[in-house]
Amino acid sequence: MKVIKAKTAGFCFGVKRAVDTVYEQVNTCGGPIYTYGPIIHNEEVVKDLESRGVSVIRSEEELEGITEGTVIIRSHGVEKRICDKLRGKGIRIVDATCPFVKKIHNIVEKESAEGKYILIIGNPDHPEVAGIRGWAGSDVSVIQNAGDIEKVDFSKNKKICVVSQTTFNYNKFQDLVEIIKKKSYDISVLNTICNATKERQTEARSIAESVDAMIVIGDKHSSNTQKLYEICRNACNNTYYIQTLDDLDLNQLGSVETVGITAGASTPNNIIEEVQNNVRIIF
Ligand code: F3S
């Protein structure tokens with residue numbers, strides 16, 4: 001009887017850094033503390049922070065009403081405009097943008113200033129992509145599929161710089177780059193995909209293939225946890241999607257010999273450990 005916990009389960013480096021930053025600020029700084037958007041997609045963590053006095057700013061309009069205190073930028077990053085607005089109001093900024101995302105902001109800002117047209121490969125509705133876009137000038141487009149490429153006027157600028165949303169699928173990125181290359185003759189492509197998601201998915205698949213039952217832990221709204229569940233479900237029929245230990249019906253697991261555990265990028269370690277410890281007691 002064996003319980004295998006994925007090494008990559010839970011927070012990636014950038015999310016852990018952002019969450020730790022908020023707890024650090026709670027312990028060290030006076031005055032009101034805000035996060036610009038929920039720090040992670042996890043109700044438990046957001047509620048815990050709220051109980052410690054951290055409020056969530058949910059929109060730019062809400063930001064208008066803030067006059068003092070500290071605003072923490074989450075790992076997704078924000079548009080330059082938001083940073084300027086906060087500075088203009090004299091509000092203290094604690095920037096917990098993931099360094100991998102910040103690197104893209106810097107590339108986009110520099111290449112844009114040099115006159116290049118910026119193409120961002122990613123989901124235009126994702127806050128990370130909106131943030132990246134906000135560091136470019138007016139010559140910028142977001143591309144999610146081949147159809148979007150047709151809408152870009154390539155004659156306007158001859159020099160193109162391509163970057164990617166950190167969580168974009170690598171194969172899809174390659175396919176889109178191939179199409180763009182045929183359109184333009186001066187193109188620089190920077191693969192800014194972060195491997196954390198891919199590594200978590202690869203490990204989850206390989207564990208799910210080798211166990212009798214698989215448990216995926218994460219918030220029901222977390223898209224990366226949903227994806228993780230799909231991958232595990234394809235590899236192991238006996239896969240369970242839970243938010244916390246309370247959702248796990250241990251009788252349901254039945255008589256299995258090996259159980260695998262993984263978790264989405266926004267699942268805190270204490271929730272993972274609680275599940276792991278309880279499954280261990282039973283098996
Ligand atoms: Fe950063 Fe990669 Fe996580 S970009 S926030 S370490 S998925």
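**Group meeting: a walk through the model**

The protein has 11 helices and 12 strands. Before going further: this is a predicted model.

Some overall numbers. The C-alpha trace spans about 65 × 50 × 25 Å along its principal axes. There are 283 residues in the protein, and 49% of them are buried. If you take the contacts between residues at least 6 apart in sequence, 68% of those join residues at least 24 apart. The accessible surface is about 14000 Å², with 46% of it belonging to carbon and sulfur atoms. As for charge, I have 35 positive and 38 negative side chains, and the centres of the two sets are 5 Å apart.

Now to one helix, α5. Helix α5 covers residues 99-113, which is 15 residues. From first C-alpha to last, α5 reaches 21 Å, close to the 21 Å expected at 1.5 Å a residue.

Which residues of α5 are buried? The list is V101, I104, H105, I107, V108, E111 and S112. They sit on the same side of α5, because they cover an arc of only 165° around the axis.

E79 is in the loop between β4, residues 70-73, and α4, residues 80-88. Is E79 buried or exposed? Buried counts as under 20% relative accessible area. E79 has a relative accessible area of 16%, so E79 is buried. Setting aside neighbours within four places in sequence, E79 is in contact with A130, G131, G134 and W135.

The other one is Y170, in helix α8, residues 170-183. The relative accessible area of Y170 is 37%, so Y170 is partly exposed. Not counting residues up to four places away in sequence, Y170 touches N191 and I193. For a sense of distance, take Y170 and L253: they are 83 residues apart in sequence, and their C-alpha atoms are 35 Å apart in space.

To recap the two residues: E79 is buried, whereas Y170 is partly exposed. That is what I have for today.

Key
Residues numbered from 1 in each chain as written. Predicted model: local features only at pLDDT ≥ 70, side-chain atom pairs only at ≥ 80, totals over all residues. Heavy atoms only, no water. Helix = DSSP H or I, 4+ residues; strand = E, 2+ residues; numbered from the N terminus. Buried < 20%, exposed > 50% of the residue type's maximum accessible area, 1.4 Å probe, protein only. Contact = heavy atoms within 4.5 Å. Areas by Shrake-Rupley, 256 points an atom, 1.4 Å probe, with all protein chains shown as cover. Lys, Arg positive; Asp, Glu negative; His and termini not counted. Charge placed at Lys NZ, Arg CZ, Asp CG, Glu CD. Expected span 1.5 Å × (residues − 1). Arc of directions from axis to C-beta.
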